[in-house]
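I opened the model today to look up a few local features. My notes follow in the order I took them.

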Amino acid sequence: MVTWVSFVLGFLATPISTRLFEPEELAKVSMFGTYASLFCSICYLGLDQAFVRFFRELPGRLSRRGLLAFCLAVTLGAAVLGSLVLIFFWQPVTRGIVGQPDSSIFLCLCLYSGSLVVYRFLSLCYRMEQNAMLYTIQGVLHVLLTKIAYLSIGFTRPTGQAAIIALTVLMGLFTLCFIAVQRKRMDVRFYSQIDAPAVRELACFALPLVPLSVLTWLNNSISTLALRNLLGLAAAGVFSSALGLASTINIIQTGFNTYWAPYVLENYKSDEHKRFYTVHRLMAYMLTLFGLAITLLQGPVFLLLGKSYRSSVIFFPFLFLSPICYCLGETTGMGVTISKKTYWTTLIYLFSAAINIGLCFLFIPLLGMTGAAVASALSAILTLLLRTFIGERYYKAISSYRYLAQTIGLMLLASLANLLLTGMAKYAALITILALACALYWHEIKTLWQTALQLLTAGRGFLKRRFGGKQRHE
């Protein structure tokens, strides 16, 4: 439900924002989110990933309530300390966000980042408990606030500063409400449970992930940052709107990743290799089909955007490759997490960031915004290949690389066709590529169709038993 609601609201938010805000103003909101994401990545200190890894295998004498409270206390302390340090650099920081020094933007950055840090762990708590109802309610409210609600300020004051202030206030109130709701899941006396083995085990797992978090942020943000510095705020605003549309593929990626990590860590010791490979095949098919279908329908979709933003249509499909490669990497590189060799992930993303930066400064001067999209796609592909090679060394999850090749090849063909062709020739090529994908993934189509029928039958039977039984009782 969170994934579907996020998809719908994200799809609605992009046309609304591009019609309310000029590219320069929308870029300020995008840059604010980028800087807040970096701040949070550092403040987590890798403990968000450690919380997931040790939720079912508690370290030392920590209970689950103690683990949550400990992680929250440490990360919030890091956020406060980080804010105090940034006070000495508030002018260049805010100049990078809105183009000029602004103390109100700096205050918003600190408060919004602190709220995100708390929300991260509150959300992970529901996720690891597999509490679908509360996770859904919390996630839907968060998406509603951060994608739609704050945009209402644009009807009266369509400026980046006003939108940032509204976003910060809403996120702060939301976080305070859920702290109150989830307070019983935290042990305020967690300090009595802390012992050396627990701290050592958490630190050994978490600290190598700190540079990884920064590198992940850099990989996700380098294109926008490079455009901001090489071509200006307007180009960054147009590019970020295209990224917003491309993020619709998160309807598959986010929902899958939410469940996949807990499932893998719970079942990797059993004989799950065939099932892991089946999931890999089905994910490859769904991601490819979704990306190709949205690419084919991009014409009417881009008509919903403001005129200043429609130039991004030519490089739009390249932006799908980054989330697709990341999601496939979750099915092929799980051996790194299982083996607790987190330093490998850091090295992989260091390689990816270096390649991404190099390609951005190579292609953006030549191709403009298209160059940023191409650089992002190529670096994502290289990261996927390297992550797969290393992950498979520690845990053999897939038995064939065929589906990796098919997915990358089909999406690259569609991206190049969209970039180089125009008119009917472009749409004929895209339809042909989509038909080829259906032919290559025919067995996966049948499997998903059978699964859908089974779910429909099970759901109908459940409703009949539940409501039919009530009627007979009455």
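**Ala284.** I started with Ala284, which lies in helix 13. The model is predicted, and I read it as such. Is Ala284 buried or exposed? Its relative accessible area is 0%. Buried means under 20%, so Ala284 is buried. I then listed what Ala284 touches, leaving out residues up to four places away in sequence. The list holds Leu328, Tyr403, Thr407 and Tyr441. I also checked Ala284 against Glu444, which is 160 residues away along the chain. Their C-alpha atoms are separated by 9.4 Å.

**Glu444 and Arg281.** I looked up the accessibility of each partner. Glu444 has 1% relative accessibility and counts as buried. Arg281 has 15% and counts as buried.

**Other salt bridges.** How many salt bridges does the count come to? I get 6. I wrote down two further pairs.

Glu129 and Arg185 meet through their side chains at 3.1 Å, N to O. This pair links distant parts of the chain, 56 residues apart. Glu129 sits in helix 6, residues 103–129. Arg185 sits in the loop between helix 8 (160–181) and helix 9 (196–206). Glu129 has a relative accessible area of 34%, so I noted Glu129 as partly exposed. Arg185, at 24% relative accessibility, counts as partly exposed.

Lys28 forms a salt bridge with Glu25. The closest N and O atoms are 3.3 Å apart. Both residues lie in helix 2. They are 3 residues apart, about one turn of the helix. Lys28 is buried, and Glu25 is too.

**Helix 2 against helix 11.** I stayed with helix 2 and looked at its packing on helix 11. Helix 2 covers residues 23–43, and helix 11 covers residues 233–246. Their axes are 7 Å apart, at an angle of about 70 degrees. From helix 2, the contact uses Pro23, Glu24, Leu26, Ala27, Lys28, Ser30 and Met31. From helix 11, Leu233, Ala234, Ala236, Gly237, Val238, Ser240 and Ser241 take part. By type, the contact residues divide into 8 nonpolar, 4 polar and 2 charged.

**Helix 8.** Next I checked the length of helix 8. Its 22 residues should span 32 Å at 1.5 Å a residue. The end C-alpha atoms are 32 Å apart, which agrees.

How values were computed
Residues numbered from 1 in each chain as written. Predicted model: local features only at pLDDT ≥ 70, side-chain atom pairs only at ≥ 80, totals over all residues. Heavy atoms only, no water. Axes fitted to C-alpha atoms, helices over the stretch in contact; angles between N-to-C directions. Helix = DSSP H or I, 4+ residues; strand = E, 2+ residues; numbered from the N terminus. Contact = heavy atoms within 4.5 Å. Nonpolar A, V, L, I, M, F, W, Y, C, P; charged D, E, K, R; others polar. Salt bridge = Lys/Arg side-chain N within 4 Å of Asp/Glu carboxyl O. Buried < 20%, exposed > 50% of the residue type's maximum accessible area, 1.4 Å probe, protein only. Expected span 1.5 Å × (residues − 1).
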